[in-house]
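Here is a short briefing on one protein model, written for a reader who is new to structures. Please keep the sequence and the model in view while reading.

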Amino acid sequence: MKNKDVQEIAKMTIQYAKEIIKPGMSLIDLRNDLEKKMLELGADSFLYWDVGAFIFLGDETNVSISGKHYVTANKTIQNNDIITIDLSPQNNNVWGDYARTIIIENGIVVDCV
């Protein structure tokens, strides 16, 4: 796989996130779903401390933390919320990095701002 291919895994996973995110979903479940999806799409591991999906919610979206110390927060997505997702899929030591912020308004992912 080339870097472009691994980046595409991350890009497709963000699109998948937009399809499955809903109020009441836990960040832990979201992380598990996204990491599983990246593996299904061809990732064989995760670059940064073996964390495939860093997920921050609400006031934590401005946090910067080392993967070595990252723990997914035990929080649930609310009806009106903001989520930052940073993905780091890897395949055969070729890695990607892709982050996006997703807005939830009235329980629906806002795709166009």
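Which residue in β7 is the bridge partner of I104? The bridge partner of I104 in β7 is V109, and the points below set this pair within its sheet. The model is a predicted one, in which local features need pLDDT of at least 70 and side-chain atom pairs count only at pLDDT 80 or more, while totals for chains, interfaces and linings use all residues. Residues are numbered from 1 along each chain as its sequence is written, and side-chain values use heavy atoms, with hydrogens and water left out.

- β2 and β3 pair in the antiparallel sense over 5 bridges, with I55 standing opposite I85 in β3 and F54 standing opposite D86 in β3.
- β3 also pairs with strand β6 (residues 98-105), in the antiparallel sense and over 7 bridges, and here the bridge partner of I82 in β6 is I103.
- β6 and β7 run antiparallel and are joined by 3 bridges.

**Helices packed on this sheet**

- T13 lies in helix α1 and counts as buried because its relative accessibility is 0%; buried means under 20% relative accessible area, exposed means over 50%, and partly exposed lies in between (1.4 Å probe, protein chains only).
- Leaving aside its neighbours within four places in sequence, T13 is in contact with L34, K37, M38, L41 and L87, where contact means heavy atoms within 4.5 Å.

**Buried strands**

- β2 is mostly covered, since 5 of its 5 residues are buried.
- In a regular strand the side chains alternate between the two faces of the sheet.
- In β2, A53, I55 and L57 point one way while F54 and F56 point the other way, and all are buried.
- β3 is largely enclosed by the rest of the structure, because 5 of its 7 residues are buried.

**The sheet of three strands**

- An open sheet of 3 strands has the order β1-β4-β5, again with antiparallel pairing.
- β1 (45-46) and β5 (94-95) are the edge strands, each with a single partner strand, so one side of each is left without a neighbour in the sheet.
- Strand β4 (residues 89-91) pairs with β5 in the antiparallel sense over 2 bridges, and N91 stands opposite V94 in β5.
- Helix α1 (residues 3-20) lies across β4 and β5, running at about 145 degrees to β4.
- Leaving aside its neighbours within four places in sequence, S45 is in contact with L39, S88, P89 and Q90.

**The largest pocket**

- The largest pocket holds about 210 Å³ of space.
- Its lining has 16 residues, of which Y48, F54, I65, D86 and D97 lie nearest its centre.
- β2 (53-57) and β3 (81-87) each supply at least two residues of the lining of the largest pocket, and the largest share, 3 residues, comes from β3.- A pocket is found on a 1 Å grid over the protein atoms alone, as an open set of points where a 1.4 Å probe fits, with protein on both sides within 12 Å along at least five of seven lines, and lining residues have an atom within 4 Å of a point.
- Grid points are joined across faces, edges and corners, and a volume is the space filled by probe spheres set on the points.

Notes: Pairing = 2+ DSSP bridges. Helix = DSSP H or I, 4+ residues; strand = E, 2+ residues; numbered from the N terminus. Axes fitted to C-alpha atoms, helices over the stretch in contact; angles between N-to-C directions.
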